[in-house]
Amino acid sequence: MTQNDILNMTYPSLDIARAEMKKMLNERQPNYSLPRPMYNDPLLFKVDIEEIFQKEWLFVGMTSEIPSKGDYFTVEIAQNPVLVVRAADGSVNAFHNTCRHRGSRICLEHRGKVANLVCPYHQWTYDTKGNLLFAGTEMGDEFDMQKHKLNQVHCKTAGGFIFICLGDEPPTSDFDEFLATLEEYMEPYDVENTKLAVESNMYEQANWKLVIENNRECYHCSGSHPELLNTLLEWDDTTDPRATPEFLNYCERLSSEWDAEGILHQHQSFGQRNRLVRMPLKEGTSVMTIDGSLGCQKMLGRIQNSNLGSLRILHLPNSWNHMQSDHFIVFRVLPISAQETLVTTKWFVHKDAIEGVDYDPENLRRVWDATNDQDRKLGEDNQRGINSLSYQPGPYSQTYEFGVIDFINWYCDRVEEKI
């Protein structure tokens, strides 16, 4: 726990924290930012973990990260280590990365390949479906191997995206409808035939909600993101209330090209939580590189038109993504503490693309490395200001920050119905 966490600790117990949180949610002013403790109090952060990150569907990675049987990657969600592995039958499975013997982590590396999952502590061995294969004769004749399988984590895939839920009963709502639409929109990219080109991990000293709030608006872009604005148009999507007639005409012209190629682009929303929409980039640019030119010479899937803009995919509480003609970028947000968040960015290219010939990793990542670092500083300064005793919730712009309002409303509704 950091010194800031200790100084900001407000509530003597989690039960009291929950009661105070419910009161704050009931009394919060619509279209305003949240009260100070909801951004920095360790016990209210624990409520976030229990009610959001341990119960909601979370984006964790892409299926092409584990292309063959035995390939795995690991992820830790608020002290819950999870492993995601490709089984022999090609299915993607997720398990708690915790041995059923004495609880040791089984897979210690971030990613790797195994024939079976072997605990390094006492060599208990599991297959990629989680079945216990070996526990040694020391356990005795009465030991029941069937009762000691790995504990499974709910896992669903669509369009190459992998989602997990740590809860006993994952929420349904319109999630399956979103997955079906995601599958359709991602079809042109053929994600199974892509590969991870480069990955970055950034630790931001700010509450996870501030990271998402910053992403959900471009109000700050013109003053903070010169590299990004070489190609990005500031409008959030075609429903943006600020959209000009010129922008809408530009969208319509490109839409006819996309329709001719069978590339889906219409805005699709599933509540405030999930959204897909294809948006053009600045005229004369193709992808989010520093000069707008292609970052990879091999196009993805069946795509032929380099001028596809970006298919923007939002999944609350922890991901936003940009799918482009030659490469795509996925972002994953995971909370570490009340005032620390891990932001992971991954760039994917065609699996046959050759580094140094078809693409340069430094060129792929230059724009978003700069943008991520700029957002990190903005978020950290935001956190420090909120920590002040003088902080009071402030108003969001319903024109420029409607995406933030949607996120905060979603978050408040989800937490309030559970506590």
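Residues are numbered from 1 along each chain as its sequence is written, and side-chain values use heavy atoms, with hydrogens and water left out. Because the model is predicted, local features need pLDDT of at least 70 and side-chain atom pairs count only at pLDDT 80 or more, while totals for chains, interfaces and linings use all residues.

**Helices α2 and α10**

Two packed helices are described by the angle between their axes and the distance between the axes. Select helix α2 (residues 14-27) and helix α10 (residues 402-416): the axes come within 10 Å and cross at roughly 135°. Axes here are lines fitted to C-alpha atoms, for helices over the stretch in contact, with angles from 0 to 180 degrees between N-to-C directions. Helices (H or I, at least four residues) and strands (E, at least two) are DSSP runs, numbered from the N terminus. The two helices are therefore oblique to each other; angles under 35 degrees count as roughly parallel, over 145 as roughly antiparallel, 65 to 115 as roughly perpendicular and the rest as oblique.

Now display the side chains. Met21, Lys22, Leu25 and Asn26 in α2 meet Tyr411, Cys412, Val415 and Glu416 in α10, where contact means heavy atoms within 4.5 Å. By class, this contact of α2 with α10 has five nonpolar, one polar and two charged residues (Ala, Val, Leu, Ile, Met, Phe, Trp, Tyr, Cys and Pro count as nonpolar, Asp, Glu, Lys and Arg as charged, and the others, Gly among them, as polar).

**Helices α6 and α10**

Trp208, Lys209, Ile212 and Glu213 in α6 meet Val404, Phe407, Ile408 and Tyr411 in α10. The residues of this contact divide into six nonpolar, no polar and two charged.

**Asn31**

Next, select Asn31, in the loop between α2 and α3 (37-40). With a relative accessibility of 21%, Asn31 counts as partly exposed; buried means under 20% relative accessible area, exposed over 50%, and partly exposed in between (1.4 Å probe, protein chains only). Asn31 and Phe402 are 371 residues apart in sequence, yet their C-alpha atoms are 8.8 Å apart in space. Leaving aside residues up to four places away in sequence, Asn31 touches Gly394, Pro395, Tyr396, Gln398 and Ile405.

**The sheet β6-β7-β8**

Move to an open sheet of three strands in the order β6-β7-β8, with antiparallel pairing. Its edge strands are β6 (117-118) and β8 (132-134), each pairing on one side only. Two strands pair if DSSP finds at least two bridges between them, and β6 and β7 (residues 125-126) pair over two bridges. Pick Val118 to find its bridge partner in β7, Thr125.

**Backbone features**

Most residues other than glycine have a negative phi, and most peptide bonds are trans. Select Gln79, in the loop between β2 (71-76) and β3 (81-86): Gln79 has a positive phi of about 70° although it is not a glycine. At 72% relative accessibility, Gln79 counts as exposed.

Asp190, in the loop between α5 (175-186) and β11 (194-204), also has a positive phi, about 50°. Asp190 is partly exposed, at 34% relative accessible area.

Finally, go to Pro317, in the loop between β14 (310-315) and β15 (319-323). A cis peptide bond joins Leu316 and Pro317, with omega about 20°.
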